[in-house]
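Please open the model in your viewer and keep the selection panel at hand.

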Amino acid sequence: MSEPTTPSVPQATGMVAEREILAQVRSRSFLVSTGVLLLVVLVSIVVGGFMSGRDQPDTTVAVVPQTAAALAAVPGVEVVDAPDEQAARVLVADGDVAAAVLPDDGPAGVRVVAQRSAPDGLVAALRVEPEVELLQPQDSSEGVRYLVSFGFGIVFMMSAIGFGSTIAQSTVQEKQTRIVEILLSAVPARSLLAGKILGNSALALGQTAAIAAVAVVGLVVTGQDDLLGLLGAPVVWFVVFFAVGFVLLAAVFAASASLVSRIEDTGPVLTPVMMLTMIPYFLVVFFNDNQTVLTVMSYVPFSAPVGMPVRLFLGEAAWWEPLVSLAVLAASAVAVIVLAARVYERSLLRTGPRVRLAEALRTRGD
Amino acid sequence: MLQLDGVSRSFGGRRVLDDVSFAVRRGRLTGFVGGNGAGKTTTMRIVLGVLAADAGTVTMDGAPLDGPTRRRFGYMPEERGLYPKMRVAEQLAYLARLHGFERADALERAHALLDRLGLRERAGDPVESLSLGNQQRAQVAAALVHDPAVLVLDEPFSGLDPMAVDVVVGVLAERAARGVPVLFSSHQLDVVERLCDDLVIIAGGRIRAAGSRDELRSAYGSARHELVTLGDAGWLRDEPGVRVVELAAGQAVFEADDATAQRVLRAALDRGPVQSFGPVRASLAEIFREVVEDRQEATR
């Protein structure tokens, strides 16, 4: 048997992180919730693709020689040639085709003949619309804009709250069971904190990457890869911002939780940090058409991971903006971690009533 | 040798430890005895560095305790704590790794210790699925798994059945025999009496007595003698310098100094056959009461 050698701070941090990850990966609730989350993403993409009509079977339409040209460019239509109007009408009456397109004197130039109702797609395809010229064209439609904002917002909020709560729980559990006294007799408090943040950040990032992967595969398989081209770069930025932003939030969750000694008491201390993680979501959902709000959001550290990728997707941010915002975020993360480590170290061994934040920052640890 | 000198600590103006000094010698099991709230746990937490002392020092072989030295301590806190959902062997191996053992080595140690403590079958189970007695054994294992140079255990025997007490005592005695100072607190005085070599008695945050078990026994309650005669021993009541504690026909327990006791023995032989005569060794419970009450009267 070898002699023990005191592990360095990074080594101890690695062991703590490894334990945090194993504990999560083995817990049924984590596996189930991850599975459900991935399934929801996949289903919503597939349903989205279905709703947009790409998977509907072609409509059979009878044409006469005069109208064949009008339908040549219409997608989703299977053309049946009829020699004349009479033959076309018979095909419709017999139910062989869903509709017939015949010449007409009206402004549209064609007439759609159907039994009870005309196929929606067909009428829409033949509708004549005036030419529109936009002086300030938008890259994306209102719907997509909303969906993408919503997507970034909800993924960030769910991950931050989910893994943040895990960190908080594990911190309080260690205090409550007093295993923290055994742990601190072996490793410094900052290794515990760092390991906890690192382990859970890795999990959160892994889960987010899995969601991104499922989304990409889903989009490709359902033939919506044109959206992918628009989303690619913003998604990469989102993952980068997420990694840094989550570390910042994780530190706040751990420090807040270290102030109390029992799981039952975590509610009040976690409320402020929960708000911090939810505000970006509501802002981005309600103000995704307000440039000023989005711009401010994309620079405030707590909301930048949501705000900046949305602006990048909308094409509203210059190339240097994400870099500046990321620098601001990283600097605030370092500052917050230093403060959080202070609070954590000083509150960890104090049991009983809740430790006041100011007290934890001021007094010596005892 | 682990030495405490003049350790004091107050919580919110209330002094819970007052000038606490005692030694835990190598190779000996030292029992730390006191009532609820006497200061046992606070003292142990200060030794471990989990709590800071307001005054006084704790030294190991004359050197003040620092981080690296304390990392070689094994500690069992009063509130039992292990990760409830983590498997027993893995948890012990994790603690051993945090203390610097290699992964494989750590796991080997964990299993060896679980075997020794009779938990082999439960090694792969989550801690929360174990009975309270078995959780307690796992907790003892957690204090021992990194081969500590000093052991500090807060109530290691509470909640253990007599068989488990024997197993744990055996393990602690092995460690002590290897030269490890072992300090454990308990309020089960009979257990402490049976197994510890040295005793420290604390009450109201002050050390009331400390020393080897035999020293304490001779220092307290040694003035008692027991006499068993064939005839009635009622005459003892009239002997000068004798205070009868217990009397039933020919059997009597009395307090007297040694010279008086010898005189009483001769007197008894003059009256008839004496079946037995000798000093009565005070039980720890008696010593404890005597020590604690004495001091309370003295301070009044």
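**The sheet in chain A**

Begin by selecting the 4 strands of chain A that form an open sheet of mixed pairing in the order 2-1-3-4, where strands are DSSP runs of E with at least two residues, helices are runs of H or I with at least four residues, both numbered from the N terminus, and two strands pair if DSSP finds at least two bridges between them. Strand 2 (77-81) and strand 4 (110-114) of chain A stand at the edges with a single partner strand each, so one side of each has no neighbour in the sheet. Neighbouring strands of this sheet are turned against each other by 30° on average, direction ignored.

This is a predicted model, in which local features need pLDDT of at least 70 and side-chain atom pairs count only at pLDDT 80 or more, whereas totals for chains, interfaces and linings use all residues. Residues are numbered from 1 along each chain as its sequence is written, and chains are lettered from A and ligands numbered from 1 in the order in which they are written.

Next select strand 3 (residues 99-103) of chain A, which pairs with strand 4 of chain A in the antiparallel sense over 5 bridges; within strand 4 of chain A, Val113(A) is the bridge partner of Ala100(A).

**The contact between chains**

Now show both chains: the contact takes 22 residues from chain A and 27 residues from chain B, with residues in contact if their C-beta atoms, placed from the backbone, lie within 7 Å. Helix 3 (88-98) of chain B is one of the elements supplying at least two residues to the side that touches chain A, and helix 3 of chain B gives the most, with 4 residues.

Conventions:
Axes fitted to C-alpha atoms, helices over the stretch in contact; angles between N-to-C directions. Contact = placed C-beta atoms within 7 Å.
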